[in-house]
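Here's a quick briefing to read alongside the model. Have the sequence and the 3D view open as you go.

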Amino acid sequence: MSSVLFVEASNGAADAPLQTDRERSPGAEALDAYSQVVTAVARDLAPSVANLRVTRRVRGGRMAVGGGSAVVIAPDGYLLTSAHVVDGGHGGDASFVDGRDLRFTVVGRDPLSDLAVLRADARDLVPARLGDASALQVGQLVVAIGNPHGYAGSVTAGVVSALGRSLPVGRRGGPQRLVENVVQTDAALNPGNSGGALVDGRGCVVGINTAVAGVGLGLAVPINEATRRIVATLMSDGRVRRALLGVAVGPRPLPPRVAARLGRRDGLEVIEVVPEGPAARGGLHAEDLIVGLDGTPLRTTDDLQRLMTAERIGRPLELEIVREGAVQMLSVVPAELDG
């Protein structure tokens, strides 16, 4: 049968019009569409992404302490980057694809979200459009754009491979903190790309690239309602007072019997408890499921983040948890995040 089909196709080929590349290769059109999205995103975002050279003042001048990338969020000089990129620095230089090299200062940092706001000496920068990571879906196309070491417009593409991850951050030898609800992607993050943009197919920034977690694995802090509030607070106050539990959590369905009893399906699984942190002192264990805080149901990491406000620092909180299928109450006293 296969030889007959081959002969028939061959006999008719002389009378058929010459096929184009797209007609010969059904995947070519899809590849072209993919490429068009990536190139359009890269072209549109390149003017909004800067290379950072971070410095701090020392006797006799300034000393370089690191570098990374940043994303313009307002034309009057405001940029968004990763908090760890500017850790230990007070300012530095930001380079853009149009050749400009601008001085910047650090307006504020929030280690818990690994976000920092900078202010460059300019009034005509090209701001990126901010999107909403809460609408992302696993498998969705994303593009990572940075400006590492001055190599303008470093671009990689991939997909969202997981949502709701937690990322431990902190200084070497110091206390560990946990960035919640990060976006996991297989878009490669090159050295120096921290602080750059994770962009959806419409050209909207849905995350700030924060770390390279391993081969073929990158993480980004999401742009959502919670992080927008953090950015606004950093711009106005220079810091965010945050209550700290000291846990890494992720969404998880509740056991059917517990779900029926509580009237909801989802909770937060405790993945890691920071040693000697507030949660550890309160008796919280890894694999516990957190379902409520002070009477407020918790279903997502955003629910927990929204409640970790300054008013709760040093005040006992009632955590409703599920442990080994039984609902229990624990009292936890959040500490203040040391920025």
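Val 58 sits in strand S1 (residues 49-58); strands here are DSSP runs of E, at least two residues, numbered from the N terminus. This is a predicted model, where local features need pLDDT of at least 70, side-chain atom pairs count only at pLDDT 80 or more, and totals for chains, interfaces and linings use all residues. Residue numbers start from 1 along each chain as its sequence is written, and side-chain values use heavy atoms, with hydrogens and water left out.

**Val 58 at the surface**
- Val 58 counts as partly exposed because its relative accessibility is 30% (buried is under 20%, exposed over 50%, partly exposed in between, with a 1.4 Å probe and protein chains only).
- Together with Met 63 and Val 65, Val 58 makes a nonpolar surface patch with about 190 Å² of accessible area (Shrake-Rupley method, 1.4 Å probe).
- Patch members need over 30% relative accessible area and no salt bridge, and nonpolar side chains are joined within 5 Å.

**Ser 95 and its surroundings**
- Ser 95 belongs to strand S4 (residues 91-95) and counts as buried because its relative accessibility is 16%.
- Its side chain makes polar contacts with the side chains of Arg 53 (2.7 Å) and Asp 101 (3.1 Å); that means N or O atoms within 3.5 Å, one able to donate a hydrogen and the other to accept it.

**Strands S8 and S11**
- S8 (residues 141-146) and S11 run antiparallel, joined by four bridges.
- Ala 144 has Leu 198 as its bridge partner in S11.
- S11 (residues 197-200) is covered on both faces: Ala 197 and Val 199 are buried on one side, Leu 198 and Asp 200 on the other.

Conventions
Two strands pair if DSSP finds at least two bridges between them. Patches are made of residues with over 30% relative accessible area and no salt bridge: like charges are joined within 9 Å, nonpolar side chains (Val, Leu, Ile, Met, Phe, Trp, Tyr) within 5 Å. A salt bridge is a side-chain nitrogen of Lys or Arg within 4 Å of a carboxyl oxygen of Asp or Glu.
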